[in-house]
Each structure stands twice: as structure tokens, then as C-alpha cells.
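Student: Could we go through this structure together? I am new to it and would like to begin with a single residue.
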Amino acid sequence: MSSSTTTTTLSDLPDVILSNITALVTDTRARNSLSLVSRKFLALERSTRSHLTLRGNARDLHLLPGCFRSISHLDLSFLSPWGHSLLSSLPIDHQNLLALRLRLCFPSVSSLSVYARSPSSLELLLPQWPRIRHVKLVRWHQRASEIPLGGDFVSIFEHCGGFLESLDLSAFYHWTEDLPPVLLRYADVAGKLTRLNLLTASFNEGYKSSEIVDITKACPNLRDFRVACTFDSRYFEFVGDETLSAVSTNCPKLKVLHMVDTVAALTSPRAVPGNDGGDSAVTVGTLVEVFSALPCLEELVLDVGKNVKQSGVALEALNSKCKKLRALKLGQFQSVCSATEWRLDGVALCGGLQCLSIKNSSDLSDMGLVAIGRGCCKLSKFEIQGCENVTVKGVRSMVTLLRKTLTDVRISCCKNLDATASLKAVEPIYDRIKKLHVDCVWSSLEEEGGVEETNHDDDDGDYERSQKRCKYSSEEEVNGFYSEERVWEKLEYLSLWINVGEFLTPLPMTGLEDCPNLEEIRIKIEGDCRGKRKPAEPELGLSCLALYPKLCKMQLDCGDTIGYALTAPPMQMDLSLWERFFLTGIGNLSLSELDYWPPQDRDVNQRSLSLPGAGLLQECLTLRKLFIHGTAHEHFMNFLLRIPNLRDVQLREDYYPAPENDMSTEMRVGSCSRFEDQLNSRNIID
């Protein structure tokens, strides 16, 4: 009698279960690998993929595969050449054919994102998918003056009128007077909108009071409304009590409301005005009325740029009237939690909050933080910015109270919380925290003389490292706390801010030397290079990040670093030398993805990759994706072809105003196309 042995594999599971498993895989490369297992897995992967971002050149759209027929969310805003109207370089008959080809390849599209430099792109694409529910427009170039008022939006409301639910203009530069007339003209379509995002960072003043009132009147069914505006009473038609009351009256079903001052939160997000910023035109009594009129509110952002005094009463009303509130961000609100006699008040009564951000609250104290930790016991994300009276003791006590839930912490612009103190404050959750932001502000000794010059003598190396560790490490007492070395086992994302001219090298000595699972880091370098002398060290210190074995993604943002793009005055460095300072050592990291914002010269509106920058980037031999948020000369880009596995490179001028001169070798269509042809013609090892 013979017995046969059968092996059960993953393929033997029912198709329904396999389909659900496949749908949960979000990483693109993992999905691509899954589709190569067998024909069955290929069919499952294609049938469950709902989101797709197209890259490559728009001229090659005729090569699109027809196997992604389940795609519902299609993003065309990153097609090359970036920033140009889709299909605009082709003859009219070819444009229509390629638009039809897109519809045949993706028949199920209900959400579309597109770079719409002119209305012609939308007029070609939107008729192909009459059932589109969500549209996101992207444009960083200036609005062409020949476009009629509202001309950018007419085609959306004409072709998507029956099904349109959501419109996202957060990355689309337009005039504020463009939208209200179109909403009033197509009142039946506007009445169906449930989501409208107008948080456009390129505005100088934002939407006026009358425009916000008109928009909310035209869209009474909004559930999600986000708008950039001006709360400063010195401006014409500023947003005040009447506007807030009108929003709550016109849109009583709101679940998400973001109203952000353009200057305080968008133009200068790190500004700390202090107590001399003046009082806001928004009163506590009106806030109580607004919260009472919005019982469905789940997420609220109010960054008003001026002091809202005695706001604790309004926040108590927010807790009693908006029972579903889960996320709250307050900017320039004073007395958010007075914490007198250990009684919970103000924001501390909002016990259902999961995310809380407090910005520029000058009277928030350590006792207030302790009260928040006691009352908001479900917080998983906490951000504090520009609060001068809080210390490491208050933050540490709050974090200890929230140890079971808190996994995401951001600490910035707080006078008493430098890098070492911030890490001390979050130490109680060092084994749980997943995301962290700190400012790279070192000790007073550091500020006086910068990082000590490195002695390259081998005999003195150990001594010097020990001296630095004594200076920055957690082995010393900071504000009365003592701790040993920690393993930040679950930390996956780290965000850093550093002032231009400072160094990154002390970071590992502050207690962050052991982060075994850190995968992504964002570094924001900000400041004015003009007037600064040459730094004492030749590099920022990116080499020190090689301590983190799993670090593979980096966002290096020097976009708010200002300097001289051309010849600098004597004893100063131009931007090319500063770029060498920033990027030296990046080749020592095993990065697979890099987003890089070059420094800028605002006087000539130039944000360009320099020769030293291109030379240092080519040393990143493990890169697969590189996105430069600026411009670059064609011959500098050719340096990047020496990176063996580089698959995806793109220049994106995604800042306002994006350069208009397309005849320059920095952004010419032909230059970008030639580089992409060379990149795509190479054999990739894996």
C-alpha cells in the first residue's frame, strides 16, 4: 500500500482570500514581484490594484499596457516633461487619439490628478471619464493672464457635473476670484460637492471673507472644507467672526474644517511671533457658537496668526458640542489649558482626541501639559511648536502618562527644548515611538564655537569621541534626568530641522545612536547664507547617518536656504559651495530613494543643482529613485547616469513661482527627453 504526500501552498487558498491578501499589499515593488509568481497571481494583482501613478514621457503614452483595467485612482501629474500641459507638444489629432488610449487602458477611473498648466489638458481628458468623482489639479507656474476668469474650472463642472464629489486645489496656483463665480454658475454641481481643498501654499493673502461666504453658500453639503485665508484685521476683507459664523451656518454637515492663515502657517510655518503679535479678530463667543453649529466635526485646524485670548472656554464647548472630534490643531490660541489646582479644563477635557497640535501658545506651562496627558488619554500623535514656557519636565511627564498610546511626537521652536532635551522628554516611550521630529539645536557650548574640529590622528580618535559623547550624550543629567543608552527599536521615521551653518554630527551623541529600524529621514535646512562665513568643518555631517543600517529613504530640503547663486561677496560662499557643504558624505549612505531641494537665490528666482551637487549625488551608488525639486543643466544631469541601478529621475519645479523660461538648458523639453532616453536605455542589474 503506497502513500502519497501532498504539499499545500499559498496558491491552494480560495481566490477570494487570495484577493483580499493581495489588496492589502501597498508597496509597489512588492506588488510587482507578486505578479511575477504565476499567471494566477498576475491576474490577482492586476484586479486588486486601484491606484497608479504614471511616470515616463507623455510622448510614449501609446505604449501603455492594457492590463490595469481596475485602476480607479489615476495620477498623471508626474508625467515628463514635468510642468508642461499634457499632450500639448503633439498635433491635435494625435492628442485626441492618446486621450482615447488612456480611456481604453483605464476604463474604471473615478479619481484623476493632472498637471493643468492650461485648461486644454482638462478639455482633452475629462470627457474620457464622465463618471469621475474626484479631481486634483496641480500647477506651480503662474496663471496665464489670457485665461478668462474661472476658465481653469469650467471644464470640470461641465464634464463631471453628474458625479463630482471632491475637488483638490491645494497644489494648484490660481486667483481666488476664479472659483466663486464658477460655483455659483454651476450651482447644481457645487451643491453635490462634499470635499473642497483650497489650502494653496502659493497664495499671498488667501481667500477673502466674502469669497469664503460665497463658496460655502454654493456648497452646503460639504463634509471636508480646507481653505487658506487671512485673519489679520489690517487686510481688506479679513476673516473674522462673521466669516466663521457663515461657514458653520452654510455647511452644518462639516466633519473636517481647516482654516489657516497664509502668512502664519503657510508662508512662514516656523515663525514664532510671541505676545506682540496682536489680538485676533476672532472672539471666544463666536467660537462657541461655531462649535455648537458643527456637531459632526471630527477634525479641526484653526491657525489664525493672531492671539485668541482665554480660549479655554471655547475648547470646553468644543468638547461638549463635538463629541466625535479626533484631531485638533490650534495656532496662536492662548490659555488652552490653565491647569489650576489640578482641575482639568480647556483642551484637557477633549478626552476623545487622538491627534493634538499646539502652536505658539505663549502661556502653556508644564502643568498644562500634565493636565493634557491626564485628560487626553487616547493621544497617539502630539505636536508642540513655539511654546516658550514648557520644559523637558512637563513634556516628559505628559509622555509618561500617554505611554500606552503615543507613537508620533513633534517638538520644534521651543526655547527650553533643544535636541538633547527633546530626546530626554520622549525617552519614556523610546521603545514605542515610531515617528519623531526634533530641532537640531545643540547646547550653549555648541552654539559658541560650533562642532570642535576633528582630529584625524588615530591615537586621539577615541579620546575625541569620548569627549563629544560627554558633551551631548544621554549619560549626563539633563534638567535633573539621568538615563542610560537606549535602543529606539520601533522608530521608523525621523524629521530634523537645522539652521544653516550648523552641523549634524552631534546627533548620534544625543542618544539616537541606536535606531535599528529607522527607514526614512527628513532633514530641513533653513536660513540665510548671505553674511555667513565659511563653516569650521567641510561638511554638514550626513556621514554620521550611516549608523542606521536600514536607512533607505531621505528627504533633504534646502529649499528655504537663501544665498548667492552667482558671485558671492568676498569672504563668503556662493550656493555651489554651500551645496558641497550640505551634500558631502551622502555617498556613504545606502539610500534607495532621495528627494532633494537645492538652495535658492530669491533675487533671481533660481533653485538649481550645481556642479558640486551633481558630482556628490553621483556617489550614491544604491539609488533607484531621485527627484530634484529644482532645475539642473543637462550636462550636470548626465553625471547621474553613473549610478548603476538608478531607475527614476525627474526635475520638479514644485515651488511658486516655477520658472517660466523654457528656452533655458536647465528645463528645456529636449534636454529632459534626451536624459530620460539615456536612462531608460541602460540595463538594470535587478
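Tutor: This is a predicted model. Let us begin with D224, which counts as buried at 10% relative accessibility, because the cut-off for buried is under 20%.

Student: Which residue forms a salt bridge with D224?
Tutor: The partner is R195, and the closest N and O atoms of the two are 3.5 Å apart. The pair links distant parts of the chain, with R195 in strand β6 (residues 195-198) and D224 in strand β7 (residues 224-229), 29 residues apart.

Student: Is R195 buried or partly exposed?
Tutor: R195 is partly exposed, as its relative accessible area is 23%.

Student: How many salt bridges are in the whole structure?
Tutor: A search finds 24. One of the pairs is R410 with E383, at 3.7 Å from N to O. R410 belongs to strand β13 (residues 408-412) and E383 to strand β12 (residues 381-385), 27 residues apart.

Student: And how accessible is E383?
Tutor: E383 is buried, with a relative accessible area of 13%, whereas R410 is partly exposed at 27%.

Student: Which residues are linked in a network of salt bridges?
Tutor: The network joins R522, K524, D557, D560 and R602.

Student: A change of topic: where is T48?
Tutor: T48 is in helix α3, which covers residues 39-48. T48 is buried, with a relative accessible area of 16%.

Student: What does T48 touch, leaving out residues up to four places away in sequence?
Tutor: T48 touches S19, T22, A23 and R31.

Methods: Residues are numbered from 1 along each chain as its sequence is written. This is a predicted model: local features need pLDDT of at least 70, side-chain atom pairs count only at pLDDT 80 or more; totals for chains, interfaces and linings use all residues. Side-chain values use heavy atoms; hydrogens and water are left out. Helices (H or I, at least four residues) and strands (E, at least two) are DSSP runs, numbered from the N terminus. Buried means under 20% relative accessible area, exposed over 50%, partly exposed in between (1.4 Å probe, protein chains only). Contact means heavy atoms within 4.5 Å. A salt bridge is a side-chain nitrogen of Lys or Arg within 4 Å of a carboxyl oxygen of Asp or Glu.
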